[in-house]
Amino acid sequence: MIFDNGHITPEALAELSRHTDLIECECPAHLMAILAKVREFHDYTTECITKYPKDAATHIWLQTAAKNIDAMLSNTIVQLARMEGFVSEENEFGLYPVHGGMLSVRTFG
């Protein structure tokens, strides 16, 4: 499964990270790193809600914003993976031929 409630699953991220070395551009890796930071922040806000009850409303708002950013990044990562042929339209992993992928394929040797 790639998505869980609009968010890319940790398993899907791990699978996609195995393919990032196939292209020269590091954009996919950077997007996945940003997503990891957003998820860390989301977890942090959860702790803050309990730790600082007077500021709970602010931290709930921040947590909601982090979830929205997570969903946007998740969709961006999966769409980029589709454009590069790592994910099919049916959300299957593999190497699929694409016409005019955006990023250059890395050459080894």
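1. Several elements cover the buried residues of helix 3, including strand 1 (3-4), strand 2 (7-8), helix 1 (10-17) and helix 2 (27-51). Buried means under 20% relative accessible area, with exposed over 50% and partly exposed in between (1.4 Å probe, protein chains only). Helices (H or I, at least four residues) and strands (E, at least two) are DSSP runs, numbered from the N terminus.

2. This is a predicted model, where local features need pLDDT of at least 70, side-chain atom pairs count only at pLDDT 80 or more, and totals for chains, interfaces and linings use all residues. Residues are numbered from 1 along each chain as its sequence is written, and side-chain values use heavy atoms, leaving out hydrogens and water.

3. Helix 3 covers residues 56-83, 28 residues in total. From first C-alpha to last it reaches 40 Å, close to the 40 Å expected at 1.5 Å a residue. That expected span is 1.5 Å times one less than the number of residues.

4. Which residues of helix 3 are buried? Among them are Ala56, His59, Gln63, Ala66, Asp70, Leu73 and Ile77. An α-helix has 3.6 residues a turn, so residues three or four places apart point the same way.

5. Just after helix 3, Gly85 has a positive phi of about 85 degrees.

6. The whole structure holds one cavity of 30 Å³ or more. The largest cavity has about 80 Å³ of space. A cavity is a set of points on a 1 Å grid over the protein atoms alone where a 1.4 Å probe fits but cannot get out; lining residues have an atom within 4 Å of a point.

7. Helix 3 gives the most to the lining of the largest cavity, three residues. Ile77, Leu80 and Phe86 are among the lining residues.

Note on methods: Contact = heavy atoms within 4.5 Å. 1 Å grid on protein atoms, 1.4 Å probe; cavity = no way out; pocket = protein on both sides within 12 Å on 5 of 7 lines; lining within 4 Å. Points joined across faces, edges and corners; volume = space filled by probe spheres on them.
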